[in-house]
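Here is a short tour to read with the structure open beside you.

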Amino acid sequence: MAKEKKVKAKGKKSSNNKGLSVKARLFLVVGVLLALVFLPTTMLVFFGMFPSLVAAFVSVRGRGARASTVTAMNLAGCVPYVFKLWSTSNDFEASIDILTSSNALMVMYTAAAFGYMIDWVVTGLVSSFLYQKGIARMKTITKRQEDLAERWGDGVGGK
Amino acid sequence: MANPQAAGSAAQMAPIPFGSKIRINPAMRLPRFDNGQSKAYEAFDTDNKTQKYIAIVCGVESLPRWSAAALYNKLADTSFMRMMGSGIITWPMDNSQKYVFLYAGGVGEALVEKGGLNQVSWRHPDIIERFIQPMARILKEMEDKSFRHGAIRASNIFHGSIDKNKPVILGDCLSTQPSADQPSIYLPIEKSLAEPMGRGGGSFKDDIYAFGVSLIVFLRKNDELAGVSDNEILRRRVEHGSYNVLIGNERFQSVFLEFLRGVLHDDPSLRWGLDEIFSWLDGTRMTPPPVAKPKKANRPLLLGGRRYVSPQLLALDIHKFPHDIADMIQNGSLTHWIEKSIDDSHLTERYSKSVERIIGAGNAADNKDFMVTQLRMALNPALPIYYKERIFSFDGLGALLALDIYKDQDVSYFREVLRLNILDQAVVLTGVPQNQLIVYLKQYDVCRSSLQNLRAGFGVERCVYMLCKDTPCLSPKLSGSFVHNAQSALITYEALCAKGGEIALLLDRHSIAFFSVLDSTLMERSIYDLNDDDKSLKIAGNLRFFALIQQRANDFSAPSLAKVFADSLSGVYKSYKNKALQKTIQEGVENAAKLGDLTTMSMILDDDVTLKKDDLGFRRAKYEYYNLQLEYNELNKRLSNKATYGLPNGRDAAAIVSWSISTLITLIVVFAHLSGYRMY
């Protein structure tokens, strides 16, 4: 077991050293190429999705779910402007126009903020629900143990 | 033992019922039928009061031969006293239980009263026809049925009729152990001087010897041995032979002398048997073997101011001079006397071996009891065993031990006798037949291993019941009772419980050993529980045993016994884990207890199927409880930090919600865009 763990850890270490996998590299290359091809859109999305980048950056390991929540809503805020860009000249200037209009950035960043709000509310609700469920399960367990002790005596609990 | 407060005058006592129709009259003693401490009383039939019986009432101290009663009943000859029944009664004189043998009355007067002389003047043919022939027939039947009488003596042989002209009737022999009440002269040398209870069952040849002495007592016109001590008579018998001593100067018809010389021979192997007796009765002229006189030394041994010329006589007195004898062994003078003065290679060999054993057991001077025993056996193997002032035969130790335990006396000598292999040596020297020898030696081995075992059912308690089959249960709890079989045990314990104050741990070491020996099947299902340290298991073992004896006793109802158990079973119910089942079982047991049904009580408690189901259910419940506890602990640990509990799940849910809304918005925007609607 310990050996296996060691081997796994070694594997991880070696993959980190090597950097990205071939598939990821391919995606990266394709992405970079697309970003260069659709440079106005890329610029719009880069600045519009800035809160998501921040969220992804600050989210500690294993808590990517919050960044995902923020990204989803941030993206929803960006989509209309991407369409607006595409429906106009779809050039560099149009992209700067959209970004410089206070309305567009406000909508995109507000959407991201809304994502934070969803994260806060839903997480709170769900964790609270799960907590109560856990408490209820503990009560059920205690009751069942009492029933067993009543039926079979204290010896059933190894006392 | 018995309750002296309840004792009363026999004359004031009402007749005591024995069975449904017989009544024993304690006011009407029949002393001529007494046998040792067993006393005889008149009994009568309630339907016909002229029908008289002889009831011989025996206490535990007499060790009556209840185990031989069935065999006695099979003896068909009319010259045996006819037994009408036997069993237990409660004797109001001391309020204790006694064993009673009931015989048909009308057996007439004793042939010769104790200490008296014959009053009838039969002629030679009458003596043959009325005395010798019936006795020979009796002896024949006893030999055929392997029955040992042990109480043949002139005072216990009866005329059989008032006019004294009928064949004799031989009296009771069951009311005490064989030979226990025999005067010393009726016993062969090897049993003389042994303690009454230590004389042992002996052999059939002992009865022939006693018959011969009875004939002398009947024929003699005066008692030359009156006033002579038993010890002196034995000394003379050893020196001159029993025949010569008992005949003395009495003048008998020569035909009887021939017979008497044959049946009174001191060597059992040369003593007449039934073939010779019947040949003699048929008129065949017989030549009895000559009386063997002990070899004499060519120079006497001086000891205690007395001159001993025969090793047999020295053996009789050796216990009086242990220090002198020890010195003589150490300085070699005794060895020299035996080897040089007596020309007897067997004696020399026996002596050498005994000296080896004495030296092997330690310094002779420090181990005088063992030395005396060994030398006595070597010098005269026919004598009973002498150890620490106890004198007994190799087959009489059981009864002696039983009496000592009954009287609450020290029995440490018994352990030593077994440990030192004294019995084994004695039985080998006595020259019993090989098949019997093996039985005896095996019995002693079993006793030795039993003494090593500390568990109930073993130890000295087991030995006493093994070595003397007639010993009733000697449990202190049963003091004043005569428990000899399952039925009497149940009745006695029921009576004890009815008095109150008893607890369910009724069986003690004595009763466990007694019933283990009486019938091993009675104990085999209970013995392990009875030896357990757990009190409830012991109680369950007690109940199981009493349930079994209730079955053997034809389901005799025992409500008091059942109540004692029912009140003590709370711990036993706990062997069932299921509380509801415990309650059901308790109700069942209590209902059975009200009916005095121990068998059902035991069956309910010992139902293997229910026990197994209960055990399986308990194990499953225990497993479930354990797993629940693990889950509880895990939950408790996780819920202890409320702030972080469920956060990953919550964030996952939030992501799902967020992506759902995002997708919806995107779709709306796409549709709006495609439909030409511009929201900006």
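In this predicted model, helix 25 (residues 579-594) and helix 26 (residues 598-605) of chain B have axes that come within 8 Å and cross at roughly 170°. Angles over 145 degrees count as roughly antiparallel, so helix 25 of chain B is roughly antiparallel to helix 26 of chain B. The points below start with this helix pair and then turn to the contact between the chains, a sheet, and some individual helices.

**The helix 25 and helix 26 pair of chain B**

- Two numbers describe such a packing: the angle between the helix axes and the distance between them.
- On the helix 25 side, the residues that make the contact are B:Ile585, B:Gly588, B:Val589, B:Ala592 and B:Ala593.
- They meet B:Thr600, B:Met601, B:Ile604 and B:Leu605 of helix 26 of chain B.
- Sorted by class, this contact has 7 nonpolar and 2 polar residues, with no charged residues.
- Residues three or four places apart in an α-helix point the same way, because there are 3.6 residues a turn.

**Where chain A meets chain B**

- The contact between the chains involves 38 residues of chain A and 38 residues of chain B.
- On the chain A side, helix 5 (64-87) and helix 7 (102-152) each supply at least two residues.
- Which helix gives the most to this side of chain A? Helix 7 of chain A does, with 21 residues.
- By class, the side of chain A that touches chain B has 19 nonpolar, 11 polar and 8 charged residues.

**Chain A as a whole**

- Chain A has 7 helices and 0 strands, and its elements read α-α-α-α-α-α-α from the N terminus on.
- Of its 159 residues, 28% count as buried.
- Take the contacts in chain A between residues at least 6 apart in sequence: 66% of them join residues at least 24 apart.
- Helix 7 of chain A has 51 residues, which at 1.5 Å a residue should span 75 Å; the end C-alpha atoms are 74 Å apart, in agreement with that expectation.
- After helix 7 of chain A comes A:Gly153, with a positive phi near 90°.

**The six-stranded sheet of chain B**

- In chain B, 6 strands form an open sheet with antiparallel pairing, in the order 1-2-3-4-6-5.
- Strand 1 (16-18) and strand 5 of chain B are the edge strands, each pairing on one side only.
- Ignoring direction, neighbouring strands of this sheet are turned by 35° against each other on average.
- How much of strand 6 (residues 96-104) of chain B is buried? The strand is mostly covered, with 8 of its 9 residues buried.
- Strand 6 of chain B pairs with strand 4 (residues 52-58) of chain B in the antiparallel sense over 6 bridges, and B:Tyr53 has B:Ala104 as its bridge partner in strand 6.
- Strand 6 of chain B also pairs with strand 5 (residues 83-91) of chain B, again in the antiparallel sense, over 8 bridges.
- Within strand 6 of chain B, B:Leu102 is the bridge partner of B:Gly85, and B:Tyr103 is the bridge partner of B:Met83.
- The hairpin of strand 5 and strand 6 of chain B has 4 residues between the strands, and there B:Asn95 takes a positive phi near 55°.

**Helix 18 of chain B**

- Helix 18 (residues 486-499) of chain B has 14 residues and should span 20 Å at 1.5 Å a residue; its end C-alpha atoms are 20 Å apart, which agrees.
- Its buried residues are B:Ala486, B:Ser488, B:Ala489, B:Leu490, B:Thr492, B:Tyr493, B:Glu494 and B:Cys497.
- What do the buried residues of helix 18 of chain B pack against? Their partners are strand 5, helix 20 (520-523), helix 22 (535-552) and helix 23 (559-568) of chain B.
- B:Gly500 follows helix 18 of chain B and has a positive phi near 95°.

- B:Gly398 sits in helix 13 (residues 397-406) of chain B.
- Is B:Gly398 buried or exposed? B:Gly398 counts as buried because it has 27 C-beta neighbours inside 10 Å, where 20 or more are needed.
- Leaving aside residues up to four places away in sequence, B:Gly398 touches B:Val464, B:Leu467 and B:Cys468.
- B:Gly398 and B:Val464 are 66 residues apart in sequence, yet their C-alpha atoms are 5.4 Å apart in space.

Methods. Residues are numbered from 1 along each chain as its sequence is written. Chains are lettered from A and ligands numbered from 1 in the order in which they are written. This is a predicted model: local features need pLDDT of at least 70, side-chain atom pairs count only at pLDDT 80 or more; totals for chains, interfaces and linings use all residues. Axes are lines fitted to C-alpha atoms, for helices over the stretch in contact, and angles run from 0 to 180 degrees between N-to-C directions. Angles under 35 degrees count as roughly parallel, over 145 as roughly antiparallel, 65 to 115 as roughly perpendicular and the rest as oblique. Two residues are in contact if their C-beta atoms, placed from the backbone, lie within 7 Å. Ala, Val, Leu, Ile, Met, Phe, Trp, Tyr, Cys and Pro count as nonpolar, Asp, Glu, Lys and Arg as charged, and the others, Gly among them, as polar. A residue is buried if 20 or more other C-beta atoms lie within 10 Å of its own, exposed if 12 or fewer, and partly exposed in between; C-beta atoms are placed from the backbone. Two strands pair if DSSP finds at least two bridges between them. The expected span of a helix is 1.5 Å times one less than its number of residues.
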